[in-house]
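Welcome, and thanks for taking a look at this one with us. Please have the viewer open as you read, and follow along from element to element.

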Amino acid sequence: MIRLLAVVERDLKKFRRNPVVLGMSILMPIIYLLILGNSFQGKLTSLPVAVVSHDTGPFAKRVVENLKAIAAGPQTFRLVILQDVNKAVEGVRNGRYKAALIIPEDFDTRVTLNGRPEIGLFLDNTDGISAETIRNLVSAAIGPIHDEYVPIREKTNEVLLRDVNLYPKVDYYQSLVPGVVIMAIFLGTLTTGAFNLVMDRFMGIDESYLLTPLSKSHIVAGLIISGLSITTVIATLIFTVSILITGIPFSRGVHQCFSLFVIIVLTTLCLLSLMFLILGRVGHPRIVGILSGFLNVILFFPSGAVYPVASFPGWLRSFAKINPEAYAVEALKSVLFKNAGLATISGDIAFLALFTAVMMTLSIITFKRTL
Amino acid sequence: MPGQQQSTMQEQKAITVSEITKKFGNITAVDSVSFEVERGEFFGFLGPNGAGKTTLIRMLTTLLRPTSGHAVVSCCDVVKDPTEVRKHIGVVPQAMTSDLDLTAYENMDIYGRFYGIHAKERKERIEYLLDMVGLTARANDLVATYSGGMRRRLEIARVLVHRPELLFLDEPTIGLDPQSRRVVWSFLEKLIGGDSMTIFLTTHYMEEAEALCKRVAIIDTGKIIALGSPAELKSQIPGNDVITLAVEHPSEEIAAAIETLPFVHKVKSEEGSVRVSVDSGAKNLPSLIDEVRSAGGKVLSATVHEQSLEDVFIYYTGKSIREEEAKKVSFFVGAGIPQKFGR
């Protein structure tokens with residue numbers, strides 16, 4: 001019994017004397033609950049929808065009013081009223097809007113003349129959950145037009161919602177691929193780069209290079225570059241296998257591959273620099289272990305890889321605005337499912353590059369060159 | 001002109017330390033230490049673990065910032081110009097720092113590249129050094145397969161790749177068996193004979209300091225308590241031999257009786273034995289035994305040896321380095337820096 005209690009006490013004492021691990025053990029479940037609870041199955045809000053109405057008649061106005069009521073009430077939409085159809089559709093293509101709703105100029109005439117009125121809906125179907133929500137709500141919004149103003153004499157009188165999927169269908173497994181790649185990059189950056197520094201420190205062999213003329217930049221950049229090469233290879237392999245398994249079509253060949261490679265490299269650099277800033281002064285692998293769960297939760301789930309960012313509450317959506325993984329997922333989805341070129345994802349690329357530059361600079365500044 | 005003369009004098013010193021202090025919270029690890037080391041000198045710091053040797057060496061090698069005071073190593077200030085200092089020194093830290101996942105050759109090669117040494121010169125230098133430490137046959141084996149002694153030899157060879165002007169060795173033979181320790185000593189002796197390198201060594205083995213160092217500073221609780229060549233240090237304490245008597249029932253009376261003898265300088269009672277500093281130990285041993293007997297004691301055994309640096313340490317501190325060692329729990333973990341402060 002004495003022996004058993006000694007083992008228990010030894011372990012408890014070691015645990016108690018490691019305040020970071022203790023603090024994280026308490027914080028982790030709360031953060032899990034907050035972030036995971038808010039990242040899945042939440043109500044979608046503020047989905048940007050462009051509306052172009054070429055008809056000024058009362059029925060067309062009524063459709064817009066109904067949509068506005070949804071935007072004001074459950075706030076599922078954020079309506080943007082435009083005049084130009086091309087601008088609206090282009091906005092969906094480059095990710096500014098989730099959908100574009102077009103009311104043609106003969107809408108009212110067709111309603112009153114029982115001439116089979118139509119409304120056009122261009123959907124970004126690469127985000128299946130958002131597209132489906134918009135489709136259902138728009139159908140609901142045009143329903144009363146039919147019930148109240150159009151006598152049901154024959155089938156042709158119903159307002160027809162002509163929805164157009166702008167991109168080839170993305171099935172569930174295909175939609176997971178960007179998330180899988182981001183997860184591979186996250187794990188790669190966690191176990192290379194700064195982690196090797198933590199291990200050297202833990203093993204006490206960091207002195208061997210701290211005693212040499214290597215500068216802080218040499219050490220930080222050197223470890224980041226080595227982590228970059230390992231993680232890029234791992235992520236590219238996982239990506240290739242995922243694409244082969246899920247059968248995502250590659251229609252733009254080399255150009256698309258190049259864009260994807262740029263995103264993978266930049267995301268890896270971004271996360272390696274972030275890890276360096278966080279782990280740069282850590283001296284025990286146990287802290288890395290517990291931080292890995294924490295970082296994965298706060299970076300991966302609010303990235304939109306599993307569930308759309310539009311379903312998050314305001315605070316989590318604000319966090320997604322500075323979460324590099326959210327930009328990486330967005331960029332990967334655009335290139336993979338929308339055939340977007342580098343120009344379309346230039347905003348995401350710029351954010352990732354800026355984030356990397358800031359994190360790497362801070363890492364070098366905060367890295368301690370002494371013991 | 002006198003100013004210029006003084007600066008030339010300073011340039012000739014390999015190390016100039018003035019009133020350097022390092023505090024970790026309330027603990028003063030190094031307390032206002034000052035000393036100088038000449039170029040080409042083999043200089044030793046002797047003291048028990050916890051005396052402040054590693055903290056001092058870490059300040060001199062730019063790993064720790066002093067709380068106060070200054071240190072100039074190879075003409076550069078360790079705080080103002082640490083990078084320049086690092087270019088001129090080679091350091092073998094107390095803990096083994098070679099990469100276990102790399103071979104000996106790879107360890108040395110990467111180290112040489114840290115100093116920007118070109119491939120051809122690096123290869124020649126590494127081959128020469130590996131041969132010198134007798135590791136050529138194992139050069140391409142992973143360091144993980146090495147014994148402690150082999151790894152230590154590799155680490156000494158590694159810091160010589162860039163031909164440092166100044167070599168710091170922090171307890172280079174700690175944890176090694178006597179045979180490996182002798183191998184390291186003979187290797188260090190070769191270094192003294194060869195290059196005009198300055199060597200700064202810390203140790204808690206007095207025989208190591210005595211055998212290798214031209215000058216020795218004895219340090220205890222962060223302060224230098226004596227400094228000079230081993231011979232000078234020993235000449236400062238009275239007597240030239242030490243007789244250790246194992247006595248059946250040692251008592252205060254026996255110690256007092258011995259102290260009255262004319263050839264006795266100092267008596268120190270230890271557990272079951274009495275340590276006596278004397279002149280001409282072998283000649284005076286019979287008289288000493290007689291005196292113990294007449295005081296009612298029984299001598300079980302007796303040894304005579306020459307005064308050593310250990311005796312110098314006892315003379316100044318009243319305790320032996322070995323006693324101090326016994327009090328320490330572990331000297332491998334956190335040497336030179338309390339765990340909660342640095343790491």
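Let's begin with a pair of helices in chain B. Helix H4 (residues 104-114) of chain B and helix H6 (residues 148-158) of chain B have axes that come within 10 Å of each other and cross at roughly 25°. Since angles under 35 degrees count as roughly parallel, H4(B) is therefore roughly parallel to H6(B). The crossing of H4(B) and H6(B) is right-handed. Which residues bring the two helices together? On the H4(B) side they are Ala104(B), Asn107(B), Met108(B) and Tyr111(B), and these meet Leu154(B), Ala157(B) and Arg158(B) in H6(B). Please keep in mind throughout that this is a predicted model.

**Another spot in chain B**

Is Glu189(B) buried or partly exposed? With 13 other C-beta atoms within 10 Å, Glu189(B) is partly exposed, because a residue needs 20 or more such neighbours to be called buried and 12 or fewer to be called exposed. Glu189(B) and Leu46(B) are 143 residues apart along the chain, and 18 Å separate their C-alpha atoms.

**The two chains in outline**

Stepping back, chain B contains 14 helices and 14 strands, while the secondary structure of chain A consists of 15 helices and five strands. The C-alpha trace of chain A spans about 90 × 55 × 35 Å along its principal axes. Here are some whole-chain values for reference.

| Chain | Residues | Buried residues | Contacts joining residues at least 24 apart, among those at least 6 apart |
|---|---|---|---|
| Chain B | 343 residues | 40% | 70% |

For chain B it gives domain 1 (2-229) and domain 2 (238-306), and the centres of domain 1 of chain B and domain 2 of chain B, taken over C-alpha atoms, are 40 Å apart. For chain A the assignment gives domain 1 (47-165) and domain 2 (171-366). Taken over C-alpha atoms, the centres of domain 1 of chain A and domain 2 of chain A are separated by 39 Å.

How many residues of domain 1 of chain A are in contact with domain 2 of chain A? Nine residues of domain 1 of chain A are in contact with 10 residues of domain 2 of chain A. On the side of domain 1 of chain A that touches domain 2 of chain A, the largest share comes from helix H6 (residues 128-149) of chain A, with three residues.

**The sheet of chain A**

Now for the strands of chain A. Five of them form an open sheet with mixed pairing, in the order S2-S1-S3-S4-S5 (chain A). At the edges are strand S2 (77-82) and strand S5 (160-165) of chain A, each pairing on one side only. On average, neighbouring strands of this sheet are turned by 20° against each other, direction ignored.

Strand S1 (residues 47-53) of chain A is joined to S2(A) by six bridges, and the two run parallel. In this pairing, Val49(A) stands opposite Leu79(A) in S2(A). Two helices belong in the picture here. Helix H3 (residues 58-72) of chain A packs on the sheet, where it touches S1, S2, strand S3 (99-103) and strand S4 (118-123) of chain A; the direction of H3 makes about 145° with that of S2(A). Helix H4 (residues 85-93) of chain A lies across S1, S2, S3 and S4 of chain A and runs at about 160° to S3(A).

Next comes S3(A), which pairs with S1(A) in the parallel sense over five bridges. Val51(A) stands opposite Leu101(A) in S3(A). With S4(A), S3(A) is joined by four bridges, and these two run antiparallel. Here Leu101(A) stands opposite Leu121(A) in S4(A).

Why is S3(A) described as largely enclosed by the rest of the structure? Five of the five residues of S3(A) are buried, so the strand is largely enclosed. In a regular strand the side chains alternate between the two faces of the sheet. Both faces of S3(A) are covered, with Ala99(A), Leu101(A) and Ile103(A) buried on one side and Ala100(A) and Ile102(A) buried on the other.

Notes. Residues are numbered from 1 along each chain as its sequence is written. Chains are lettered from A and ligands numbered from 1 in the order in which they are written. This is a predicted model: local features need pLDDT of at least 70, side-chain atom pairs count only at pLDDT 80 or more; totals for chains, interfaces and linings use all residues. Domain bounds come from an automatic or database domain assignment. Two strands pair if DSSP finds at least two bridges between them. Axes are lines fitted to C-alpha atoms, for helices over the stretch in contact, and angles run from 0 to 180 degrees between N-to-C directions. Two residues are in contact if their C-beta atoms, placed from the backbone, lie within 7 Å. Angles under 35 degrees count as roughly parallel, over 145 as roughly antiparallel, 65 to 115 as roughly perpendicular and the rest as oblique. A crossing is left-handed if the near helix is turned anticlockwise from the far one by less than a right angle, and right-handed if clockwise.
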